[in-house]
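Dear colleague,

I am passing on the structure below, together with notes on what was found in it. Please read them with the coordinates open beside you.

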Amino acid sequence: MLSHASDIAQRIRSGERLLLAAQEEVLLSLPAGNWIGGTIPYFMAETGGVVSREMVFATAVPIQSTSVEIRTYGTADIHNICKNAPDNGVTFLILPASSPIHLQFAQKAPDFEDMYLKPLLGWISGVHLDDLGRTSPKVVDGRTVTAHTDAGVAIHCALPENQVARMGIVNLFSPGDGAVLTFPEGGFQVERCLVDGVERVFSDYLLEREVDTRLPLVADCSGAMVNVSFQGIESSLGRVNLYAPVFPGVEYRLAKPVGDYMEEFAKMLPKNVSAAFSCNCILNFLYSGLEGKITEGMTGPVTFGEIACQLLNQTMVYVAIETV
């Protein structure tokens, strides 16, 4: 729910356990308590998409939770995040964009112990797009109201035996029919690639073909479509900046074009799902023109990347708590 900071402060003082999203100065003005937060001024609210530097989006941890534990993770122990999670429950994780822990999670999360056995979802914090390069995305440990640019914050929630957390992903994209793209080096910044085996400067290739960079690279990973979205092309430096890293040895293709972006996105929104948490990519917000638009039943922060076990781009992720 999108709220004024004063209302969120009251909820924190009452002992509520919360996931928060807001501008850095707003988060740091809140009282200490049982909350974690990430910086971002874009939200999908009940009344539609909103850009606000003053408001706070709050998601309460599932009311079914039997116990809750807040932890801060660094690059030395992020690999333990699923190992530390309860056997039955859900973990919410927030990481700061473009940080070493963001890169490490993107590259290594699939190999973490117990990954894919315990639900893990969350988001990558960001900044107002006007502030790119001027300020760093942050996460905040609400227990001490401490901001981090190089650590992640998480809430582990245990659920009773008759409740389970089910994650969902909304992804518009699939690989197109074009050239196979591979990359000799991984990372968020790419200079060279192989186009059907022929080495090229990646930025030159994209510009020559007038590629629509609203469409991501897509890798078919054993049936799971993994997007890597474009942040921008620095042609003078021969460099392409990405919202997620590419990996050597993985085959990518440019995504198939979609018709009406907003129409297609609306078609894929889940029906009759009571989401306990959801978040949506900043690129969906921009390219679908979501400001002022309502995504029924799916509200939450707009992100610089989504987490559903592994790092995702240009998706919406959600979790519902169901009785079994």
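Contact is used here for heavy atoms within 4.5 Å. In that sense, and leaving aside residues up to four places away in sequence, Ser288 touches Tyr261, Met262, Phe265, Leu283 and Lys293. Please keep in mind throughout that this is a predicted model. Ser288 belongs to the loop that runs between helix 6 (282–287) and strand 24 (300–303); since buried means under 20% relative accessible area, Ser288 counts as buried, with a relative accessibility of 4%.

Because Tyr42 lies in strand 4 (residues 42–45) and Phe285 in helix 6, the pair ties together parts that are 243 residues apart in sequence. Both partners are shielded by the same cut-off: Tyr42 is buried, at a relative accessible area of 4%, and Phe285 counts as buried at 5% relative accessibility.

An aromatic pair that is likewise edge-to-face is formed by Phe92 and Phe277, with 5.4 Å from centre to centre and 65° between the planes. Here Phe92 is in strand 8 (residues 89–96) and Phe277 in strand 23 (residues 277–281), so that parts 185 residues apart in sequence are tied together by the pair; Phe92 and Phe277 are both buried. Elsewhere, Phe183, Phe202, Phe230 and Tyr252 are linked by ring pairs into a cluster.

The remaining notes concern helix 1. Which residues of helix 1 are buried? Within this helix, which spans residues 5–13, they are Ile8, Ala9, Arg11 and Ile12, and because they cover an arc of only 160° around the axis, they fall on the same side of helix 1. What do the buried residues of helix 1 pack against? Their partners are strand 1 (2–3), strand 2 (18–22), strand 3 (35–39) and strand 6 (56–60). After helix 1 comes Gly15, which has a positive phi, near 100°.

Terms used. Residues numbered from 1 in each chain as written. Predicted model: local features only at pLDDT ≥ 70, side-chain atom pairs only at ≥ 80, totals over all residues. Heavy atoms only, no water. Buried < 20%, exposed > 50% of the residue type's maximum accessible area, 1.4 Å probe, protein only. Helix = DSSP H or I, 4+ residues; strand = E, 2+ residues; numbered from the N terminus. Arc of directions from axis to C-beta. Phe/Tyr/Trp six-rings, centres within 6.5 Å; stacked < 30°, edge-to-face > 60°.
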